[in-house]
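My notes follow the structure itself.

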Amino acid sequence: MPDRVIPPDPYNGKMGNLLHILWRGPGKLDAATRMALGGGQRALPPHEGGGDIPAPLVAYAEKVRRYAYRVTDEDIAALKAAGYTEDQIFEATLSVAFGAARQRYVAGMAALYARDTAAPTPAAHDASDAGAAGDDANADSADRKASDDPSAAPETTSKELD
Amino acid sequence: MRLSNVTRGHRLPQKLTLRMIRVMSGAEPPDIVKLVMYRPEFFGRPYSDLVDEVMRGPSEWSVGERELFAAFTSRLNSCRF
């Protein structure tokens with residue numbers, strides 16, 4: 001495989017800042033929960049500040065992440081009945097939404113990059129598929145290098161996208 | 001909007017700004033405005049910083065093209081733009 005240089009992401013700093021505040025800044029929902037919500041299936045381990053998504057939030061998080069238009073008033077009422085305040089639901093929703101946004105953005109950029117750099121051979125399609133998955137780790141580390149912000153948060157791979 | 005806090009639970013400065021928008025435009029401010037004005041230190045400020053850069057900052061795409069991408073993406077997500 002040829003050396004590949006991932007071009008710098010001009011939005012990394014501001015995206016990182018937003019994610020840092022949403023997942024690690026002061027809030028009404030504890031940061032470990034917000035981080036788990038943002039990281040989907042690949043939350044950080046406990047010793048890195050990660051945690052599990054609390055049971056009452058699991059289904060809601062999945063809905064917001066995959067098909068937010070299905071959220072109903074009943075979903076919100078159920079969360080309130082489980083003891084969550086509006087501010088906590090506000091934080092949970094944003095934590096999930098921007099985790100999902102980040103995941104799709106990274107996967108999309110990796111796929112574009114793999115396509116643009118794939119060798120023009122008859123096997124190009126297969127090569128670019130393999131490249132998309134393999135490149136993600138590179139995109140991840142390039143991301144972290146490009147930003148001083150420690151919030152470079154739980155990244156996810158394109159394989160997790162349905 | 002499903003959270004009453006985000007609809008009408010703003011702190012005083014944001015409440016006054018929203019009131020001014022109502023008076024000057026003669027209409028209810030859009031939900032996105034209420035959203036970015038609710039606890040702006042937690043979401044609205046860093047979000048607006050990012051969005052300004054993405055949608056209005058230097059780019060090979062025109063502002064109109066970028067708005068079109070956003071509208072198309074919202075459509076794919078079944079979200080109103």
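The entries below go from the cores to the chain contact and then to a helix pair.

I kept in mind throughout that this is a predicted model.

Core. I looked up the largest nonpolar core and found 28 residues in it, with A:Leu18, A:Leu19, A:Leu22, A:Leu37, A:Leu57, A:Ala61 and A:Val96 having the most contacts inside it. I then asked which elements each supply at least two residues of this core, and noted α1 (12–24), α2 (31–39), α3 (55–67) and α5 (86–117) of chain A, together with α4 (44–56) of chain B. The most comes from α5(A), which gives seven residues. Leaving out residues up to four places away in sequence, I found A:Ala61 touching A:Leu37, A:Ile53 and A:Val96.

Chain contact. I found 16 residues of chain B in contact with 18 residues of chain A. On the side of chain B that touches chain A, α1 (4–8) and α4 of chain B are the elements giving two or more residues, and α4(B) has the largest share, with six residues. Sorted by class, I noted nine nonpolar, four polar and three charged residues on that side of chain B.

Helix pair. I looked up α1(A) and α2(A), whose axes come within 7 Å and cross at roughly 130°; the two helices are therefore oblique to each other. I noted A:Leu22, A:Trp23 and A:Arg24 of α1(A) in contact with a set on α2(A) made up of A:Ala31, A:Arg34, A:Met35 and A:Gly38. By class, I recorded four nonpolar, one polar and two charged residues for the contact of α1(A) with α2(A).

Notes. Residues are numbered from 1 along each chain as its sequence is written. Chains are lettered from A and ligands numbered from 1 in the order in which they are written. This is a predicted model: local features need pLDDT of at least 70, side-chain atom pairs count only at pLDDT 80 or more; totals for chains, interfaces and linings use all residues. A nonpolar core is a set of buried Ala, Val, Leu, Ile, Met, Phe, Trp, Tyr and Cys residues joined through C-beta atoms within 7 Å. A residue is buried if 20 or more other C-beta atoms lie within 10 Å of its own, exposed if 12 or fewer, and partly exposed in between; C-beta atoms are placed from the backbone. Helices (H or I, at least four residues) and strands (E, at least two) are DSSP runs, numbered from the N terminus. Two residues are in contact if their C-beta atoms, placed from the backbone, lie within 7 Å. Ala, Val, Leu, Ile, Met, Phe, Trp, Tyr, Cys and Pro count as nonpolar, Asp, Glu, Lys and Arg as charged, and the others, Gly among them, as polar. Axes are lines fitted to C-alpha atoms, for helices over the stretch in contact, and angles run from 0 to 180 degrees between N-to-C directions. Angles under 35 degrees count as roughly parallel, over 145 as roughly antiparallel, 65 to 115 as roughly perpendicular and the rest as oblique.
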